[in-house]
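Me: Please take a close look at the side-chain contacts in this model, and describe them in one connected account.

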Amino acid sequence: SAVFTDGRAEQLLTINGAVPINSSGRVRHSVPIALYLRKNFPLSAPICFISPEENQELLTTGMVDSNCRISLSYLEDWKWPGSDLRSLFEIMIVEFSSEIPLI
């Protein structure tokens, strides 16, 4: 379970995976991520984080903060039924390919 800043505790479903990205032409990398889905998903947006591996260092960007939390306008504007995980992943691929959050 997760404890939010207001003290509420909630059980979350966790999805771990990696977002494939292109950089330097044909070189393929992947950005490990963790998505946390609240009980009212898909009505609420997933809570998304980068999950750096031991050999990776986080680069804070406009879309990833120092706590590894991902911030995208798609998440902020999440409205079901128009928003979905597939579209979120497609946006992450584009965004992370243009500004890789890990070194």
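Reply: A polar contact is a pair of N or O atoms within 3.5 Å; within protein, one must be able to donate a hydrogen and the other to accept it, and residues adjacent in sequence count only if both atoms are side-chain atoms. Such a contact, at 3.2 Å, connects the side chain of E10 with that of R38. This is a predicted model, in which local features need pLDDT of at least 70 and side-chain atom pairs count only at pLDDT 80 or more, whereas totals for chains, interfaces and linings use all residues. Residues are numbered from 1 along each chain as its sequence is written, and side-chain values use heavy atoms, without hydrogens or water.

The side chain of E10 also has a polar atom 3.4 Å from the backbone nitrogen of K39. E10 belongs to strand 2 (residues 9-10), strands being DSSP runs of E, at least two residues, numbered from the N terminus. Its relative accessibility is 13%, so E10 is classed as buried (under 20% relative accessible area; exposed is over 50%, partly exposed in between; 1.4 Å probe, protein chains only).

The aromatic rings form three pairs (Phe, Tyr or six-membered Trp ring centres within 6.5 Å; planes under 30 degrees apart are stacked, over 60 edge-to-face, the rest tilted). Y36 and F49 pair edge-to-face, with 5.9 Å between centres and 80° between planes. This pair links distant parts of the chain, since Y36 lies in strand 4 (residues 27-37) and F49 in strand 5 (residues 47-50), 13 residues apart. Y36 is partly exposed at 25% relative accessible area, and F49 is partly exposed at 22%. The pair of Y74 and W78 is edge-to-face because the ring centres are 5.7 Å apart and the planes stand at 85°.

How values were computed:
Helix = DSSP H or I, 4+ residues; strand = E, 2+ residues; numbered from the N terminus.
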